[in-house]
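This briefing is meant for someone meeting the structure for the first time. It begins with the chain as a whole and then turns to two individual residues.

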Amino acid sequence: MGDRWRIEVDRGVCIGSGMCAATAPGAFRLDGARQAHPTEPEADASEPVLTAAEGCPVEAIAIRLADTGEQVFPPDE
């Protein structure tokens, strides 16, 4: 079994570009206010979810390992 990720969107930062929903439509959706939300708080690790986080123009998406809380994206500096 692979890693599980906890996906979080900082709605105070999100500008509703929709890039995440376009890149990983099964993982993200936009609400009526055009704010992004993960479709589920946890998901299997996947390249589309990581690509969506990396492509967010305002870096509003954070990904952590569900079991340990270790930061996956953005990388720790």
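This is a predicted model: local features need pLDDT of at least 70, side-chain atom pairs count only at pLDDT 80 or more; totals for chains, interfaces and linings use all residues.

In the protein chain, the mean position of the 6 positive charges and that of the 14 negative charges lie 10 Å apart.

**Architecture of the chain**

- The protein chain contains 2 helices and 6 strands, and these elements follow one another from the N terminus in the order β-α-β-β-β-α-β-β.
- Its radius of gyration is 11 Å, close to the 11 Å that the globule rule gives for 77 residues, so the protein chain is as compact as a globular protein of that length.
- Taken along the principal axes, the box filled by the C-alpha atoms of the protein chain is roughly 35 × 25 × 15 Å.

**Surface and interior**

- The protein chain has an accessible surface of about 4,600 Å², and carbon and sulfur atoms account for 49% of that area.
- Of the 77 residues in the protein chain, 35% count as buried.

- His-37 is found in strand β3, which covers residues 36-38.
- With a relative accessible area of 13%, His-37 is buried, because this value falls under the 20% that sets the limit for a buried residue.
- The side chain of His-37 takes part in a polar contact of 2.7 Å with the side chain of Asp-31, and a polar contact of 3.3 Å joins the side chain of His-37 to that of Arg-11.
- Leaving aside residues up to four places away in sequence, His-37 touches Val-9, Arg-11, Ala-27, Phe-28, Arg-29 and Asp-31, so that list includes both Arg-11 and Asp-31.

- Ala-43 belongs to strand β4, which is made up of residues 42-44.
- The relative accessibility of Ala-43 is 19%, and Ala-43 therefore counts as buried, since the limit is under 20%.
- When residues up to four places away in sequence are not counted, Ala-43 touches Asp-3, Arg-4, Trp-5 and Ile-7.
- Between Ala-43 and Leu-30 there is a separation of 13 residues in sequence, and from C-alpha to C-alpha the two are 17 Å apart in space.

Terms used. Residues are numbered from 1 along each chain as its sequence is written. Side-chain values use heavy atoms; hydrogens and water are left out. Helices (H or I, at least four residues) and strands (E, at least two) are DSSP runs, numbered from the N terminus. Buried means under 20% relative accessible area, exposed over 50%, partly exposed in between (1.4 Å probe, protein chains only). A polar contact is a pair of N or O atoms within 3.5 Å; within protein, one must be able to donate a hydrogen and the other to accept it, and residues adjacent in sequence count only if both atoms are side-chain atoms. Contact means heavy atoms within 4.5 Å. The radius of gyration is taken over C-alpha atoms; the globule rule is 2.2 Å times the number of residues to the power 0.38. Accessible areas come from the Shrake-Rupley method with a 1.4 Å probe; for residues, only the protein chains shown count as cover. Lys and Arg count as positive and Asp and Glu as negative; His and the chain ends are not counted. The place of a charge is taken as NZ of Lys, CZ of Arg, CG of Asp or CD of Glu.
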